[in-house]
Amino acid sequence: MAYKALYRTYRPMTFDEVAGQEHIVTTIKNALANNKLAHAYLFAGPRGTGKTTMAKLLAKALNCEEGVGHQCNHCKNCIAINEGTHPDVIEIDAASNNGVDDVRDLIEKVKYGSILGKYKVYIIDEVHMMSASAFNALLKTLEEPPENVVFILATTEPHKVLPTILSRCQRYDFTKLKDQDIHDRLVEVLNKERIAINDEAVDLIVQLADGGMRDALSILDQVLAYSNNKLVTQDILNIFSLETNEEKIGLLMDISKNKLQSVLARLNRYFTKGTDIKRLTDDLLNILKDLLIYQNTSNPDLLSAIKLDEIRELSAELSGEDVMKYIDAFMNVVNEYKNVSSINPLFEICVLKLCSLNKGKKVEDIPTTHEEPELEEEVIVPLPIEKEVEEPVYEDPLKKDLIIEEAPVEPAITPETKIEVEDTLLSDSYVPLILKCEVSNDHYKLDLDTMINIGVLARNRDLKNELINKWTDIGVYLTHPKAGNVASILMDARPLIASNDVLILEVKTKTQAAKANLVINQPIIQQILYRVFGKRFFVYSLNREESVDFQQAYTNRSQLSRLPKVSDINLEFIGE
């Protein structure tokens with residue numbers, strides 16, 4: 001049987017199982033008990049808060065064979081509604097059926113009696129997408145439908161629904177769920193799935209869900225697929241490009257102490273690994289809000305974003321005046337995000353301005369994260385080169401062609417530019433580690449099954465984190481005459497999967513991926529990474545679109561338990 005998503009598996013089956021929305025549940029239950037049924041309802045509110053679920057529960061309560069108001073879930077009506085096959089409960093997607101002809105067809109069918117149940121229930125989702133003419137065609141029927149017909153309209157944008165429609169419906173406003181309600185539901189699901197509960201990870205999912213139960217369960221589903229049915233906080237941070245509370249507090253502490261080098265290193269790390277800067281800014285604002293509350297109340301029970309020991313540490317460094325300045329700065333930059341195509345520079349400037357407040361420095365005196373690093377001779381240790389070697393290490397003709405001088409990339413700098421790194425840093429005698437795979441038009445090409453195998457082998461999360469944390473060290477090669485352009489591609493990439501022998505990177509564009517996967521560039525890439533990390537990898541790059549497709553395919557196979565076993569995987573390397 002096909003895998004069923006958690007949000008569908010654990011959809012509430014009765015009113016009593018609904019998390020939150022007590023005001024709506026109580027009102028509808030009382031209306032059913034007192035036979036005060038309306039002919040049209042409007043369910044409005046944010047996504048994932050239970051609008052469609054409540055509509056189906058109401059449909060069951062109207063048609064259950066045990067009587068109006070019941071939801072036995074074992075009679076033929078309840079079972080059919082649960083399975084989405086009941087002939088008298090019609091779900092319509094107004095986003096794709098929004099024309100006047102669609103409404104006229106609906107009106108024509110409304111006049112016919114019910115087939116299986118007592119009531120015909122029309123659930124029209126995203127009703128705000130209907131055209132004005134379709135709304136007008138629906139007006140009369142919505143006002144005076146047949147006695148056995150109930151309309152339930154659902155929308156995330158009620159302000160777009162015509163006032164004449166609104167006036168004919170009983171309106172129920174769904175609100176974002178309380179964090180505690182989502183937390184309790186996630187714990188209940190984890191217990192039923194027999195998965196160990198990690199409170200920190202659950203709280204992080206609650207924060208990401210932003211009041212939506214469906215979002216919370218979808219995030220949990222994705223995390224469990226990624227972590228092989230385990231709930232690991234670090235995996236959540238990696239999947240959604242988030243930073244730990246410790247890291248965010250560390251950034252604020254460094255800003256307050258004007259530690260420019262440390263701040264710039266942190267920013268570089270965020271940009272390199274693709275941290276969600278918008279969410280990071282929001283999280284910093286939440287921490288500062290907690291700090292402001294604590295400084296004015298000294299009540300730790302009011303904290304929502306950080307712990308008591310963390311708030312005390314920050315409070316010792318930042319005065320109330322400083323906190324207000326930080327909040328103003330971050331709120332201003334959030335407003336500017338929507339006006340630019342890239343938010344990273346704005347965030348960087350905001351942080352640098354805050355640094356300058358502490359020591360009275362001018363912003364223009366502060367170095368940016370994009371300046372070339374100052375190179376020291378001891379940073380790079382050249383590979384030992386055997387002089388007077390007449391033959392290469394391997395006789396394979398493919399390896400003979402892998403020489404840096406023939407790389408189809410232009411020098412990264414002009415001849416007049418001073419070269420800080422010696423030419424001997426990259427050696428033609430280096431023998432690259434080559435994975436046995438397809439070569440097409442002088443480019444390496446990995447198929448999906450091979451990448452899935454590499455993903456299964458990449459169980460060591462510490463290795464990937466180690467690469468991410470030191471990735472900016474690749475910058476010392478940007479001025480190298482033979483490797484500069486390749487190094488710039490690596491600097492724009494981020495590690496996606498890291499096994500012991502193969503590293504898969506994600507780059508932004510198809511052009512970057514094509515250059516990175518050139519056969520002739522593989523030894524250059526490998527030598528740069530060997531210098532920086534001391535490890536030998538075969539390196540393959542995916543553009544962003546390919547990366548998304550691969551991750552989706554991996555998740556699908558994981559959910560269907562179709563991933564291969566580690567013991568069955570044998571990657572072959574040329575010359576090994």
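This is a predicted model: local features need pLDDT of at least 70, side-chain atom pairs count only at pLDDT 80 or more; totals for chains, interfaces and linings use all residues.
Local features need pLDDT of at least 70 and side-chain atom pairs count only at pLDDT 80 or more, while totals for chains, interfaces and linings use all residues; side-chain values use heavy atoms, leaving out hydrogens and water.

**Exercise 1. Work out the strand order of the open sheet and find its edge strands.**

Step 1: Collect the strands, which are DSSP runs of E with at least two residues, just as helices are runs of H or I with at least four, numbered from the N terminus.
Step 2: Pair them, asking for at least two DSSP bridges between two strands. The five strands then fall in the order S2-S3-S4-S1-S5, with parallel pairing.
Step 3: Look for strands that pair on one side only: these are S2 (89–93) and S5 (170–173).
Step 4: Zoom in on one pair. S2 and S3 (residues 120–125) run parallel and are joined by five bridges, and Ile-90 has Tyr-122 in S3 as its bridge partner.

**Exercise 2. Describe how H12 packs with H15.**

Step 1: Two packed helices call for an angle and a distance between their axes.
Step 2: For H12 (residues 245–256) and H15 (residues 308–317), the angle is about 10° and the axes are 10 Å apart. The two helices are therefore roughly parallel, a term for angles under 35 degrees.
Step 3: List the residues in contact. H12 contributes Asn-245, Ile-249, Leu-252, Met-253 and Ser-256, and H15 contributes Glu-310, Glu-313, Leu-314 and Glu-317.

**Exercise 3. Locate Asn-229 and Asn-441, and decide whether each is buried or exposed.**

Step 1: Asn-229 sits in the loop between H10 (213–226) and H11 (233–239). Its phi is positive, about 60°, although it is not a glycine.
Step 2: Asn-441 sits in the loop between S7 (438–440) and S8 (443–445). Its phi is also positive, about 50°, and it is not a glycine.
Step 3: Apply the cut-offs: buried is under 20% relative accessible area, exposed over 50%, and partly exposed in between (1.4 Å probe, protein chains only). Asn-229 has 52% relative accessibility, so it counts as exposed. Asn-441 has 68%, so it counts as exposed.

Definitions and conventions. Residues are numbered from 1 along each chain as its sequence is written. Axes are lines fitted to C-alpha atoms, for helices over the stretch in contact, and angles run from 0 to 180 degrees between N-to-C directions. Angles under 35 degrees count as roughly parallel, over 145 as roughly antiparallel, 65 to 115 as roughly perpendicular and the rest as oblique. Contact means heavy atoms within 4.5 Å.
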